[in-house]
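This report looks at side-chain packing, taking aromatic rings and nonpolar cores in turn.

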Amino acid sequence: MKRIKLSSLMIKDVLPLLNKTLLFSLLIMLFSPTLKAQDGEMIITGVYKGANLYVENPMLTDGSFCVNKVLINNSEMQRLPKASAFEIDLSHVGKGNHITVLLFHSNDCTPRILNPNAIRDKGHFQFIELDVTEEGLEWETSGEAAEGHFMILRYEHNSWVEEMIVQGKSSDKLNKYFYKVLHHSGLNKYKIKYIEITGKIYNSEILSHESSSEQVRFYPNRVSKLLSFTRPVKYEILDQYGKVILNGNSNEVDCSALNGGKYYFVNYDNKTERFFKK
């Protein structure tokens with residue numbers, strides 16, 4: 001009897017502790033989903049080049065979506081779309097500026113940046129923007145090294161030829177350039193090389209422009225002194241062996257120094273013709 005009384009007392013003493021333990025366990029079970037839903041993070045950094053980012057955003061079993069918050073340079077993206085894919089508008093950042101995008105997402109899924117190269121900073125020189133108009137070439141860069149320079153190339157007579165050397169601004173920030181060109185009639189093609197002092201070369205994409213200029217013609221076919229063009233044009237005078245004798249940009253060429261009694265070739269307006277020197 002004495003042992004039974006002691007056991008009864010022990011049970012009475014332990015019950016409150018058991019009740020507290022059970023209550024604590026129930027609370028943990030009740031709130032465990034909240035603890036499980038702690039966010040994962042995905043970060044991508046780079047340079048804004050004029051294109052937005054696109055995100056694949058999986059749907060969860062409860063009907064919600066993977067990404068629940070987006071920070072762009074520490075500013076929260078407003079009106080996050082509830083969709084399986086969405087666009088991150090970066091136009092407010094400014095071309096050439098560094099950018100950090102942070103995605104907060106559920107641990108039950110992983111979002112995916114569909115076009116990471118749109119802002120990927122390769123850690124070196126980059127062409128940010130390129131354009132060609134009737135007036136000339138325009139380009140923007142970032143990450144220039146000290147004493148770098150640009151080589152402008154034009155596609156003429158089935159080969160790439162050097163048009164001009166332009167000294168770089170040697171700034172790793174955004175740099176803008178303009179170079180006036182004299183297009184030939186029809187389709188014009190250009191590309192730009194950036195050459196660092198170390199000799200490392202970065203090539204732009206090919207730039208194409210259909211010029212509205214009328215085709216150029218030359219006259220006369222038998223030249224005594226002056227060879228004339230119908231408008232100013234880049235030209236080359238070659239001998240019968242293909243050696244360049246005269247070149248320039250003009251609407252006429254003084255041929256008085258050329259030996260008479262021979263045919264010569266003239267490259268102009270992206271075509272080659274010949275004339276006779278009297």
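Which residues form one aromatic cluster? They are Phe125, Phe127, Trp139, Phe150, Tyr177, Tyr194 and Tyr202.

## Basis

This is a predicted model, in which local features need pLDDT of at least 70 and side-chain atom pairs count only at pLDDT 80 or more, while totals for chains, interfaces and linings use all residues. Residues are numbered from 1 along each chain as its sequence is written, and side-chain values use heavy atoms, with hydrogens and water left out.

## Aromatic pairs

The structure holds 17 aromatic pairs (rings of Phe, Tyr and Trp, the last by its six-membered ring, with centres within 6.5 Å; planes under 30 degrees apart are stacked, over 60 edge-to-face, the rest tilted). Trp139 and Phe150 make an edge-to-face pair because their ring planes lie at 65 degrees, with the centres 5.5 Å apart. Trp139 belongs to strand β9 (residues 136–142) and Phe150 to strand β10 (residues 149–156), 11 residues apart; strands are DSSP runs of E, at least two residues, numbered from the N terminus.

## Nonpolar cores

A nonpolar core is a set of buried Ala, Val, Leu, Ile, Met, Phe, Trp, Tyr and Cys residues joined through side-chain atoms within 4.5 Å. The largest has 18 residues, and Leu53, Val70, Ile72, Ile88, Leu90 and Val101 have the most contacts inside it. Strands β2 (53–56), β3 (67–72), β5 (85–88) and β6 (98–105) each supply at least two residues of this core.

A second, separate core has 16 residues, including Leu137, Trp139, Ile192 and Tyr202.

Note on methods. Helices (H or I, at least four residues) and strands (E, at least two) are DSSP runs, numbered from the N terminus. Buried means under 20% relative accessible area, exposed over 50%, partly exposed in between (1.4 Å probe, protein chains only).
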